[in-house]
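Hi,

Here is the structure I promised to pass on to you. Have a look at it first, and then read my notes below.

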There are 10 protein chains.
Amino acid sequence: MTGRIKEETTGITHLGNQGTKYQMDYNPSVLETFVNKHQENDYFVKFNCPEFTSLCPITGQPDFASIAISYVPNVRMVESKSLKLYLFSFRNHGDFHEDCINIIMKDLIALMEPKYIEVWGRFTPRGGISIDPYCNYGQAATKWEEIAFKRLAYHDLNTNKTDII
Amino acid sequence: MTGRIKEETTGITHLGNQGTKYQMDYNPSVLETFVNKHQENDYFVKFNCPEFTSLCPITGQPDFASIAISYVPNVRMVESKSLKLYLFSFRNHGDFHEDCINIIMKDLIALMEPKYIEVWGRFTPRGGISIDPYCNYGQAATKWEEIAFKRLAYHDLNTNKTDII
Amino acid sequence: MTGRIKEETTGITHLGNQGTKYQMDYNPSVLETFVNKHQENDYFVKFNCPEFTSLCPITGQPDFASIAISYVPNVRMVESKSLKLYLFSFRNHGDFHEDCINIIMKDLIALMEPKYIEVWGRFTPRGGISIDPYCNYGQAATKWEEIAFKRLAYHDLNTNKTDII
Amino acid sequence: MTGRIKEETTGITHLGNQGTKYQMDYNPSVLETFVNKHQENDYFVKFNCPEFTSLCPITGQPDFASIAISYVPNVRMVESKSLKLYLFSFRNHGDFHEDCINIIMKDLIALMEPKYIEVWGRFTPRGGISIDPYCNYGQAATKWEEIAFKRLAYHDLNTNKTDII
Amino acid sequence: MTGRIKEETTGITHLGNQGTKYQMDYNPSVLETFVNKHQENDYFVKFNCPEFTSLCPITGQPDFASIAISYVPNVRMVESKSLKLYLFSFRNHGDFHEDCINIIMKDLIALMEPKYIEVWGRFTPRGGISIDPYCNYGQAATKWEEIAFKRLAYHDLNTNKTDII
Amino acid sequence: MTGRIKEETTGITHLGNQGTKYQMDYNPSVLETFVNKHQENDYFVKFNCPEFTSLCPITGQPDFASIAISYVPNVRMVESKSLKLYLFSFRNHGDFHEDCINIIMKDLIALMEPKYIEVWGRFTPRGGISIDPYCNYGQAATKWEEIAFKRLAYHDLNTNKTDII
Amino acid sequence: MTGRIKEETTGITHLGNQGTKYQMDYNPSVLETFVNKHQENDYFVKFNCPEFTSLCPITGQPDFASIAISYVPNVRMVESKSLKLYLFSFRNHGDFHEDCINIIMKDLIALMEPKYIEVWGRFTPRGGISIDPYCNYGQAATKWEEIAFKRLAYHDLNTNKTDII
Amino acid sequence: MTGRIKEETTGITHLGNQGTKYQMDYNPSVLETFVNKHQENDYFVKFNCPEFTSLCPITGQPDFASIAISYVPNVRMVESKSLKLYLFSFRNHGDFHEDCINIIMKDLIALMEPKYIEVWGRFTPRGGISIDPYCNYGQAATKWEEIAFKRLAYHDLNTNKTDII
Amino acid sequence: MTGRIKEETTGITHLGNQGTKYQMDYNPSVLETFVNKHQENDYFVKFNCPEFTSLCPITGQPDFASIAISYVPNVRMVESKSLKLYLFSFRNHGDFHEDCINIIMKDLIALMEPKYIEVWGRFTPRGGISIDPYCNYGQAATKWEEIAFKRLAYHDLNTNKTDII
Amino acid sequence: MTGRIKEETTGITHLGNQGTKYQMDYNPSVLETFVNKHQENDYFVKFNCPEFTSLCPITGQPDFASIAISYVPNVRMVESKSLKLYLFSFRNHGDFHEDCINIIMKDLIALMEPKYIEVWGRFTPRGGISIDPYCNYGQAATKWEEIAFKRLAYHDLNTNKTDII
Ligand SMILES: [Ca+2]
Ligand SMILES: [Ca+2]
Ligand SMILES: [Ca+2]
Ligand SMILES: [Ca+2]
Ligand SMILES: [Ca+2]
Ligand SMILES: [Ca+2]
Ligand SMILES: [Ca+2]
Ligand SMILES: [Ca+2]
Ligand SMILES: [Ca+2]
Ligand SMILES: [Ca+2]
Ligand SMILES: [Ca+2]
Ligand SMILES: [Ca+2]
Ligand SMILES: [Ca+2]
Ligand SMILES: [Ca+2]
Ligand SMILES: [Ca+2]
Ligand SMILES: [Ca+2]
């Protein structure tokens with residue numbers, strides 16, 4: 001075994017690139033992929049993204065969230081630096097919390113056609129209330145379609161946030 | 001994609017409104033909704049509301065709780081600032097803990113007709129004992145009716161509060 | 001809606017009563033109930049009781065525990081101040097940890113005939129070992145009988161206490 | 001030794017009183033004291049009061065805080081149930097965070113003439129920022145005057161709140 | 001109800017005994033039992049034992065672990081002080097971590113013939129790696145045989161230790 | 001070196017004694033001491049006593065606290081099992097929190113004549129407020145007199161309890 | 001006492017204002033003040049600001065930090081909503097971490113002429129290292145000048161961050 | 001019972017060996033096994049390995065992770081010191097996070113032919129995002145094949161990392 | 001710079017030695033030292049030793065503690081593996097907690113003649129009480145003599161253990 | 001104010017550079033600096049570096065540590081990416097823990113001539129013991145020389161690590 005070689009990273013242009021341009025407007029075209037070398041067995045990959053920020057579409061006030069993205073790869077896998085650039089592109093974009101989370105999932109489905117994916121956002125409180133949207137998806141006509149519903153059905157079971165401060 | 005536009009926020013009067021009037025008496029009519037733009041897939045939205053306070057119906061003593069509300073939207077979704085005003089309207093209202101939690105759930109069912117909803121309150125201790133009521137609901141004749149029972153059946157499994165101090 | 005009125009609290013004598021007499025001997029007769037106003041839907045009520053103390057039946061040494069009681073109400077619900085007085089009545093009573101927890105559950109079943117109930121005690125360590133008994137019950141010939149067994153079967157799954165200090 | 005006898009609790013009218021009336025408007029006259037039986041040595045008494053709520057004087061929105069009060073008693077000591085009633089009397093009163101904390105300290109100085117006192121509030125966040133005011137006082141021309149300044153000078157040294165969520 | 005009486009503690013010789021002799025060599029014969037007074041309903045009893053120490057069979061170096069033992073009693077129940085003496089008897093005994101945990105379970109099965117039992121050890125790290133063995137058992141030809149396999153199948157699901165320091 | 005021998009434990013009657021009688025009424029005479037073998041250098045000994053319980057002198061309601069006792073030994077040192085029996089003797093005794101802590105300190109000063117001692121109690125909340133008294137003492141005309149005042153002056157600097165639940 | 005009246009909030013234009021315009025470029029002129037009603041005694045006010053974000057001046061990559069600001073007011077006090085708008089104005093501004101923290105302190109000194117102020121930033125890690133700058137200031141020729149140096153000298157004493165993950 | 005004897009540790013050459021040579025290049029041949037003495041019952045063994053480090057195949061930058069390995073032994077079991085040497089051999093090896101975790105699992109399957117195995121890595125963040133890959137395996141045509149899929153299907157359910165700092 | 005060379009580790013016989021013999025009786029002669037290469041500046045070295053166990057001299061029951069040792073080196077420094085062997089030699093030795101901690105400090109003073117040293121033990125609870133002894137030392141007629149007294153005077157300031165469970 | 005301009009970042013070659021070469025041998029020459037723009041007031045900058053790894057000079061085994069570096073800048077300040085490269089250069093270098101920490105401090109003093117600096121390492125445990133060295137420095141003949149001694153004298157006061165697991 002010698003590790004992933006150059007030919008196996010074709011199409012990756014952001015990682016290790018000095019001239020990275022940070023997107024300031026919503027831009028899904030910045031996303032890039034590489035090939036899954038372990039397609040014979042299903043497995044999970046999770047991204048923890050605690051530095052998400054967008055704008056409120058009505059007041060213009062900045063919002064902040066921590067977003068977790070988990071998926072079971074199919075043939076293509078999203079490269080993490082391109083994912084970072086994509087998430088940063090929401091920085092000056094206005095939308096509701098519930099909409100942002102659904103949009104992120106749909107863009108990643110279009111990009112990778114994963115077997116399974118879920119996106120969970122935990123936004124910071126405003127006026128004493130915080131909002132945590134969660135959506136998921138399993139490829140139709142596969143066992144992951146049923147798993148997606150089960151994971152939704154048992155989502156956040158027994159987690160009760162209680163601190164005021 | 002350009003984010004939620006003005007036409008998609010029709011009916012929202014509290015968010016971004018300078019003249020907000022804080023309700024001091026129980027008032028479910030303050031609740032407002034907006035349309036769900038992702039009705040093709042089921043997903044969860046959770047509100048963490050740690051600043052709930054009401055009065056004891058017998059002694060008049062103020063009670064405090066942290067309330068978590070999770071639901072799967074149908075066509076309409078509750079707007080978060082109106083939810084805050086609604087919860088604040090319990091401030092000078094007297095009722096038992098178990099009753100408050102059931103009432104909140106019933107008001108939100110009437111408002112949104114969600115596919116699924118659950119409400120969990122964790123009240124502060126009085127005399128060395130604290131009370132945590134939990135209720136939930138799934139739309140009849142849908143798969144969410146069964147999920148509601150399963151989530152109730154496995155509610156708070158294995159969570160044991162142990163601190164005296 | 002106006003909150004729970006006087007007629008709906010009939011039978012409650014301890015709550016808000018100045019002349020409360022703290023029981024110093026095991027006394028289940030101190031328990032009181034009120035009527036469940038939400039019988040049309042099943043829900044959970046949990047009591048967190050971290051101030052339990054009894055005596056060792058062999059050495060006479062005081063024992064301390066935190067006890068969690070969760071139940072699904074039927075027609076009658078236990079009033080929390082009377083529950084506090086009942087638990088305090090173990091203060092000078094001697095019994096094994098495992099026995100105390102079973103007795104508490106049986107007394108509450110006799111009082112309320114709940115659909116489901118569970119009692120979990122976490123006692124403080126003696127000589128480097130601590131004991132946590134857990135028992136539960138579901139009304140025979142209802143779906144809660146099966147749920148009781150499932151909750152027992154998955155009790156405390158994957159919780160490993162490890163601190164020496 | 002037989003514990004504090006009846007004559008030593010003269011002037012305490014709220015503790016153990018069934019007819020407690022919860023104040024809904026700012027009312028320092030509800031405060032009561034009892035005599036300090038250990039005046040020969042200085043010591044600290046701390047009250048942890050996590051259930052404080054008031055109103056914003058400009059928007060009317062409810063605010064929540066946890067307040068810590070520590071003092072070194074002189075001849076009279078504040079009774080804790082009367083302190084609770086006093087703090088509850090801010091429930092429908094509007095004032096800035098910084099003002100509430102200073103007012104509480106001044107009322108307790110007037111009541112008890114303590115050797116030393118400090119009041120620290122930690123309010124819940126609004127719009128992504130939270131405010132924690134802290135004030136203190138030492139009796140003039142005693143060593144506690146200097147200690148008060150030293151405790152102020154080293155207040156909250158090295159405590160940095162960092163969580164966004 | 002009067003608590004467990006003398007006749008119900010027959011066979012308990014260590015608890016409350018001044019002349020306890022601490023075993024320094026592996027000795028399962030020190031284990032003692034008492035009768036289960038609640039055989040009509042199944043329930044769990046858990047022992048948290050954070051003070052376990054044994055020796056490495058190859059290097060002779062002392063090992064340390066926290067051990068959790070949970071079981072569903074049948075007719076006899078293990079007395080906790082005798083369990084402490086038994087666990088202390090591993091103090092100067094050499095064996096692999098995986099072997100110790102299996103031996104403890106087998107000794108307790110032979111002693112009590114419980115309906116179900118599980119033993120989980122968490123050993124302290126050596127050279128940057130720590131080992132946590134877990135074994136369990138359900139009485140053959142009872143529903144606990146199937147539960148034992150399910151608890152094994154879902155053992156330690158989603159618990160990932162991550163701290164380097 | 002061979003460890004503390006029999007002659008060095010003269011006067012210890014409770015430790016290792018099968019016939020321990022647990023005191024149910026306040027009784028400082030149960031305290032015992034042994035000789036300090038390291039009098040040539042000052043050092044601290046701290047007792048963590050989280051199982052303290054007493055009664056409210058006005059309502060009779062049980063109170064619970066965790067008490068920390070730290071001292072610098074002089075010639076005699078308090079034996080820990082006798083300290084446990086002494087603290088248990090408050091079990092059915094009624095007094096204010098502030099009084100209990102001062103009494104414990106005074107009894108230990110009379111017993112050991114320590115160079116320095118401090119006693120800190122943290123009581124469980126009642127009605128949303130908890131009380132933590134702290135007192136200390138340094139032998140007059142020694143450097144510990146000044147240290148006692150300094151430790152009082154900097155007591156509990158910057159510790160703010162904030163959780164509502 | 002009636003709380004802060006209208007005349008005492010002169011000059012506050014952002015708080016409670018529906019038309020708030022969120023600044024997207026560095027803009028200290030947005031800051032507003034109100035008068036200190038407790039000038040006779042020194043006290044601390046702390047702002048916890050966990051939602052700070054700026055840009056790297058060399059790579060353009062977004063940076064995130066939690067910033068704590070503590071000060072002792074003189075005659076004028078900064079209004080919290082205007083402070084929020086000011087901090088949000090760094091959103092698309094590029095500067096080093098160490099520079100941002102110094103600039104924030106200087107702007108607030110110019111605005112309020114406080115007796116004392118300190119600003120502490122904790123930035124998120126980049127490439128396995130995170131940076132936490134801290135600066136402070138005490139008014140020259142007052143006792144706060146010396147306190148400022150002492151707080152700097154003892155800054156972050158004994159706090160060692162150790163988590164890799 | 002006398003503990004594992006010499007004949008039962010045949011093939012272990014690294015444990016207790018003074019001349020251990022630390023591998024600096026990927027080398028699975030360093031792995032060693034010993035026989036499972038409890039083959040009659042299935043059980044879990046978990047290794048917590050928080051000191052994993054490798055190199056990025058594109059930038060050459062060192063990466064760090066905590067890796068958890070859990071398996072159900074068949075006939076042979078991996079010896080922990082040889083596992084440590086194997087994991088250390090990734091120190092100067094370059095590969096993607098997702099590849100490392102799959103390779104470790106495959107090497108251990110080839111070594112031990114376990115009934116079940118899972119490998120979970122939690123890598124440190126780079127540029128505000130961290131990656132956690134997880135893969136597992138159950139022996140074909142045994143009940144562990146189905147369990148492997150179920151554990152994958154419920155992997156990391158409801159664990160949302162949210163801290164930015 | 002090339003790291004510590006062979007000549008600089010003279011006298012170290014346990015580290016990296018395959019034939020380590022674990023001491024089972026108190027034996028300070030096992031301690032070894034190496035030379036301090038940075039004598040021109042004073043600095044601290046701390047050992048965290050959470051695996052300490054000894055026997056009670058009266059009952060023979062095993063005791064467990066976590067011990068922290070901090071010192072400022074002079075010419076010689078204690079080698080960590082020899083320190084481990086020394087601490088393990090208390091395994092079957094009987095002594096009071098307070099005595100063990102003083103003996104460890106005295107043995108290390110005799111070995112290294114450090115400028116400063118402190119030893120702090122936190123023992124596990126017995127019968128609801130735990131004991132934490134702490135002693136320290138500074139070389140006579142140096143500034144460390146005064147520092148030793150100051151560190152003793154401020155030892156464990158404001159740390160109150162409160163958990164019952 | 002416009003942020004740090006290009007001329008103010010002269011000499012920074014690693015930050016934002018695509019061709020970064022990761023050092024695999026100890027190499028202090030990789031360190032780079034930039035000018036301090038706030039020399040008129042003293043302030044602290046802290047680097048949290050949890051990804052440090054080196055080799056044991058005797059056994060060759062990899063060691064891991066989290067290192068905290070705090071300093072008060074003079075004219076030049078260390079650039080964080082060059083600091084990362086410098087710390088990574090210890091990856092295949094063998095030295096004692098105590099030596100590494102002193103060497104890092106000396107190299108940074110030579111580079112920046114800071115007014116004050118301190119370096120604290122917390123290494124992972126080996127054989128049940130972990131080592132935390134701490135050294136510091138203040139510029140001779142300035143007030144920081146005295147502060148350095150005071151911070152050393154009060155280093156790690158009252159922090160006792162206690163976890164076995
Ligand atoms: Ca909190
Ligand atoms: Ca928080
Ligand atoms: Ca606890
Ligand atoms: Ca607690
Ligand atoms: Ca603990
Ligand atoms: Ca948080
Ligand atoms: Ca950690
Ligand atoms: Ca740890
Ligand atoms: Ca709490
Ligand atoms: Ca809490
Ligand atoms: Ca962590
Ligand atoms: Ca962290
Ligand atoms: Ca955090
Ligand atoms: Ca604990
Ligand atoms: Ca611990
Ligand atoms: Ca731990």
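Let me start with a pairing between two chains: strand 2 of chain D and strand 6 (residues 130–138) of chain F run antiparallel and share 6 bridges. Strands, like helices, are DSSP runs numbered from the N terminus, with at least two residues (E) for a strand and at least four (H or I) for a helix. Two strands count as paired if DSSP finds at least two bridges between them. In this pairing, D:Asn48 sits opposite F:Ser130.

Before going further, please note that this is a predicted model, in which local features need pLDDT of at least 70 and side-chain atom pairs count only at pLDDT 80 or more, while totals for chains, interfaces and linings use all residues. Residues are numbered from 1 along each chain as its sequence is written, chains are lettered from A and ligands numbered from 1 in the order in which they are written, and side-chain values use heavy atoms, with hydrogens and water left out.

Back to strand 2 of chain D, which covers residues 43–55. Its 13 residues are buried, 13 of 13; buried means under 20% relative accessible area, exposed means over 50%, and partly exposed is in between (1.4 Å probe, protein chains only). Strand 2 also pairs within chain D, where 9 bridges link it in the antiparallel sense to strand 3 (residues 62–72).

Next comes helix 2 of chain D (residues 97–112), whose 16 residues span 23 Å from first C-alpha to last, close to the expected 22 Å. That expectation is 1.5 Å times one less than the number of residues. Because 13 of its 16 residues are buried, helix 2 of chain D is largely enclosed by the rest of the structure. D:Glu113 follows this helix and has a positive phi, near 45°.

Which residues does D:Lys106 touch, beyond those up to four places away in sequence? They are G:His38 and G:Glu40, where contact means heavy atoms within 4.5 Å. D:Lys106 belongs to helix 2 of chain D and is partly exposed, at 32% relative accessibility.

In chain G, G:His97 lies in helix 2 (residues 97–112) and is buried at 11% relative accessibility. Leaving out neighbours within four places in sequence, G:His97 is in contact with G:Asp63, G:Phe123, G:Ile131 and G:Pro133.

Chains B and C also meet, with 43 residues from chain C and 38 residues from chain B in the contact. Together they bury about 3,700 Å², 59% of it on carbon and sulfur atoms; buried area is the accessible area (1.4 Å probe) that two parts lose on being put together, summed over both. There are 2 salt bridges across this interface, a salt bridge being a side-chain nitrogen of Lys or Arg within 4 Å of a carboxyl oxygen of Asp or Glu. C:Glu40 forms a salt bridge with B:Lys106, with the closest N and O atoms 2.7 Å apart.

Finally, how many disulfides are there over all chains? The search finds 0, taking a disulfide as a pair of cysteine sulfur atoms within 2.5 Å. The sulfur of B:Cys135 is 11 Å from the closest cysteine sulfur, in B:Cys100, which is too far for a bond.

Enjoy exploring!
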